[in-house]
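Look at the structure first, then read on.

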Amino acid sequence: MSNWMVKILCQNCLIEDGHCPTQMPKFTNHGLMDKDDGEPSFFIVRDDLLHPLINGNKARKLDGLIPLVEDHSGTHVVTCGGCQSAHAAAVAVSCSERGIKSHLLLRGEQPEILTGYNLMSTIYGNVTYVPRSLYANREKMLKSHADYLAGSSGNVIWFDDIMEASLSENDGAMSFLQKDAYRSDHPRKIVIVNEGAGDVVALLGLIRLVQYISQNHILGKERPLKLVVDAGTGTTAVGLGLGAKCLGLPWEVTAVMLADTIDGYRRQEKRLISGFKRHFGLQIDHCFDEIDRGLVHWVERCHPRKFGNVLEGEVEACQHIAQQTGILVDPVYTLAAWEMSTVLREQEAEGGATVVMLHTGGTLGMFGLAQRYKSYFSNLKTGLFN
Ligand SMILES: Cc1ncc(COP(=O)(O)O)c(C=O)c1O
């Protein structure tokens, strides 16, 4: 395996004030740490360091959502996900940091050992395991749990309705005094957030990230870039692409397809774009044509497989990268972006655009994988010989 150096970009960037979705995150210890000493290298945006427990891409997706829940005086959030849902854990942690109660409906049975995202959801939120047959009808499941929590005096609202209201003139957001009065009249306001929170609101946090890293003292606005990211639903990639187009940056987003076909990703791209235009059309009408030409370059993974599967040798590859660079990638998501960045880096050496990988996080995912792929992880016990 060849040796890679990475130029660390945006280490420890923190969202310190999430109240306004368009406000820029403030950084500490940012800047380009260019450890260039002749080894092949690419840049990496360390969004994995945004928060110790919340995935980078989940933090970005909640960046615009949680402030709206707060503005609308939500007291409880109900959402759902798989047993090892990074989204559920992110909601649980973000809500508890703001004094909001979270209720996580997780698919299937409680595992024997609580670990990874499942453990964090359990520690920070209120977890209910839902049989798969009931989970299949997510809408009904979420609504009936929210109704149960609301009791006779509480209110239930879908986040999508908050989003709609926030864009109308009378957006339903309350002043400080109104919130106090509201709380005493309505002890509970239950907000239902869809699985993954992957809708239009999720794009705002990604656009904010692009705006931040395009500042002159970070990546700047002039040089052509290839931004590489791993794609599950594809929302993160579309958000990056939208940010780049809206800001007129010469950046191309390359997304490694992990969970769907190219047609599926293109449909998702269209769906998100039309939703974004519907909500924010006025702000982006200057670049409608650009956006319609497509935002994301969708590519196959270097070693394609069924989503979620780990191939032999990949855990060791992650170990090798960690030992060499100090950066942890996981075999399901970020290893895919890493491998693609190394491939594209070869083209950069021949005069192509600068390669920048967005590290979307996923550290806690390793713990769930270690339970599922016991034999691969046991191989680590013998260590690396080099
Ligand atoms: C570490 C990591 N990277 C990437 C993704 C995929 O993000 P998206 O669904 O926005 O494509 C996820 C989703 O769970 C993730 O946990």
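Q: Is Tyr333 buried, partly exposed or exposed?
A: This is a predicted model, in which local features need pLDDT of at least 70, side-chain atom pairs count only at pLDDT 80 or more, and totals for chains, interfaces and linings use all residues. Residues are numbered from 1 along each chain as its sequence is written, and side-chain values use heavy atoms, with hydrogens and water left out. Buried means under 20% relative accessible area, exposed over 50%, and partly exposed in between (1.4 Å probe, protein chains only). Tyr333 has a relative accessible area of 32%, so Tyr333 is partly exposed.

Q: Which class of burial does Phe280 fall in?
A: The relative accessibility of Phe280 is 11%. Phe280 therefore counts as buried.

Q: How is the pair of Phe276 and Phe280 classed?
A: Rings of Phe, Tyr and Trp (its six-membered ring) pair if their centres lie within 6.5 Å; planes under 30 degrees apart count as stacked, over 60 as edge-to-face and the rest as tilted. A search of the whole structure finds five aromatic pairs. In the pair of Phe276 and Phe280 the centres are 4.8 Å apart and the planes are at 45°, so the pair is tilted.

Q: In which helix do Phe276 and Phe280 lie?
A: Helices (H or I, at least four residues) and strands (E, at least two) are DSSP runs, numbered from the N terminus. Phe276 and Phe280 are four residues apart, about one turn of the helix, and both lie in α11.

Q: What kind of aromatic pair do Phe307 and Tyr333 form?
A: The ring centres of Phe307 and Tyr333 are 5.8 Å apart. With 65° between the planes, the pair is edge-to-face.

Q: How many residues apart are Phe307 and Tyr333?
A: Phe307 is in the loop between β13 and α13, while Tyr333 is in the loop between α13 and α14. The pair links distant parts of the chain, and the two are apart by 26 residues.

Q: How many residues line the largest pocket?
A: On a 1 Å grid over the protein atoms alone, a pocket is an open set of points where a 1.4 Å probe fits, with protein on both sides within 12 Å along at least five of seven lines; lining residues have an atom within 4 Å of a point. Phe307 and Tyr333 are among the residues nearest the centre of the largest pocket. The number of residues lining this pocket is 48.

Q: Which element supplies the largest share of that lining?
A: The largest share of the lining is five residues. These come from α15.
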